[in-house]
Amino acid sequence: MDDETRLRRDSCHTFVQGDGLVRPADLLASIGDAAVPDVYGEGGAVAELESTVAELLGFPAAVFLPSGTMAQAATLRVHADERASRAVLWHPQCHLATHEEDAYARVHALDARAVGQRHRVVTLADLDAVPEPVAAVLWELPQRDLGGQLPGWDDLVAQVGWARERGAAAHLDGARLWEASAGYGRPVDEIAGLFDSAYVSFYKGIGALPGCCVVGTPSLVGQVRDWRRRLGGTLFAMWPSAASALNRLPERLAEMPARLAHARAIAAALGDVEGVRVVPDPPQTPMMHLLFSVAEERFVANARRLAEDDGIWVWPKPMPTDDPDVVRCELSVGRATCALEPARIAEILRSLCD
Ligand SMILES: Cc1ncc(COP(=O)(O)O)c(C=O)c1O
């Protein structure tokens, strides 16, 4: 076992990644005893999850896939296949642009055009600057790499209208739609209902086993289902993940407003703490990014000391920024975070700058 895995295992508490340390027994228990198996994605818990999610988001059809990376690139290619363009628009820091090894281009022959600027969310004015025909526009709500920021609701509605007027599909990367719902103070179906297709994830804020759904028209969903098979995603048995999502979704979704309130209380507690900046402040969803005024080496040493001396696991390695004396980390607020007082969290975070 490597050093990092050992330290993580031995740390008694972590609060920076939502639900805390993965406890295998707890995750396995989320499957429950009553799940009905599927066969190659047909029937059983998979079909039940698909109809539950379609109804929850107000769409006629849904398909379950093993990963968002597989799901979204395939969904966008289906939109493009139905139009006379391969161009997709998105924020420069969206997941497909930064974390998927250019699968959209190399697997699906899509052309990406980033709109707007890296450090803020997309606006209608950014879209207005695009002259070319477009197959689809993707909105990541909330924008994870901006600490969970959301565009203003009215501007979002206008942006989706912009796509529709040009005959482009509007697609939602709703990996954290559950969190966005708390941020907008609107139900998930009202947000998803703006779009032609939406992807939602079950292993992030919901804390289930990995897996996701894409919702849309029966035609779109049928085509994504075909791509799931072509890409090797129609596994022989997908029911454990689907059953886990079915069991966790209702209660975890209901917790999102309280998680957002806790995120804002943490940001408030950090108000007087020198050397730690919250992005965005106040948080717009139950997550935030933190900018620590400390060099990476010292941050890593402080994080290690916290793990060894106090049994608290934070981030083994922060993200670098353009400034060598400032590092960045993501704090997802979940059950484990909510179990700690904001003042205690602020104290722990402050100690990372020592
Ligand atoms: C915003 C966003 N979209 C898509 C994905 C991809 O999800 P998956 O890990 O299921 O491929 C992620 C994963 O972190 C994400 O944060």
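How many residues does helix α13 have, and how far does it reach from its first C-alpha to its last? Helix α13 (residues 256-269) has 14 residues and reaches 20 Å, close to the 20 Å expected at 1.5 Å a residue (the expected span is 1.5 Å times one less than the number of residues). Keep in mind that this is a predicted model, where local features need pLDDT of at least 70, side-chain atom pairs count only at pLDDT 80 or more, and totals for chains, interfaces and linings use all residues. Residues are numbered from 1 along each chain as its sequence is written, and side-chain values use heavy atoms, with hydrogens and water left out.

**Helix α13**

- Helices (H or I, at least four residues) and strands (E, at least two) are DSSP runs, numbered from the N terminus.
- Met256, Arg259, Leu260, His262, Ala263, Ile266 and Ala267 are the buried ones in α13 (buried means under 20% relative accessible area, exposed over 50%, partly exposed in between, with a 1.4 Å probe and protein chains only).
- Those buried residues fall within an arc of 160° seen down the axis of α13, so they line one face of the helix (the arc is that of the directions from the helix axis to the C-beta atoms).
- Over on the other side of α13, you'll find Ala258 and Ala268 exposed.

**Around the ligand**

- The ligand is surrounded by 13 residues, and the closest are Gly68, Thr69, Asp173, Arg176 and Tyr203 (a residue counts if one of its heavy atoms lies within 4 Å).
- Tyr203 has a polar side-chain atom 2.5 Å from an oxygen atom of the ligand, and for Tyr199 that distance is 3.2 Å.
- Taken alone, the ligand exposes 390 Å², and the protein buries 89% of that (areas come from the Shrake-Rupley method with a 1.4 Å probe).

**Glu330**

- Glu330 sits in strand β12 (residues 327-333), and it counts as buried because its relative accessibility is 13%.
- Its side chain makes polar contacts with the side chains of Arg144 (2.8 Å) and His289 (3.2 Å) (a polar contact is a pair of N or O atoms within 3.5 Å; within protein, one must be able to donate a hydrogen and the other to accept it, and residues adjacent in sequence count only if both atoms are side-chain atoms).

**Ile345**

- Ile345 belongs to helix α16 (residues 342-351), and at 0% relative accessibility it counts as buried.
- Leaving out residues up to four places away in sequence, Ile345 touches Phe15, His262, Ile266, Thr337 and Leu340 (contact means heavy atoms within 4.5 Å).
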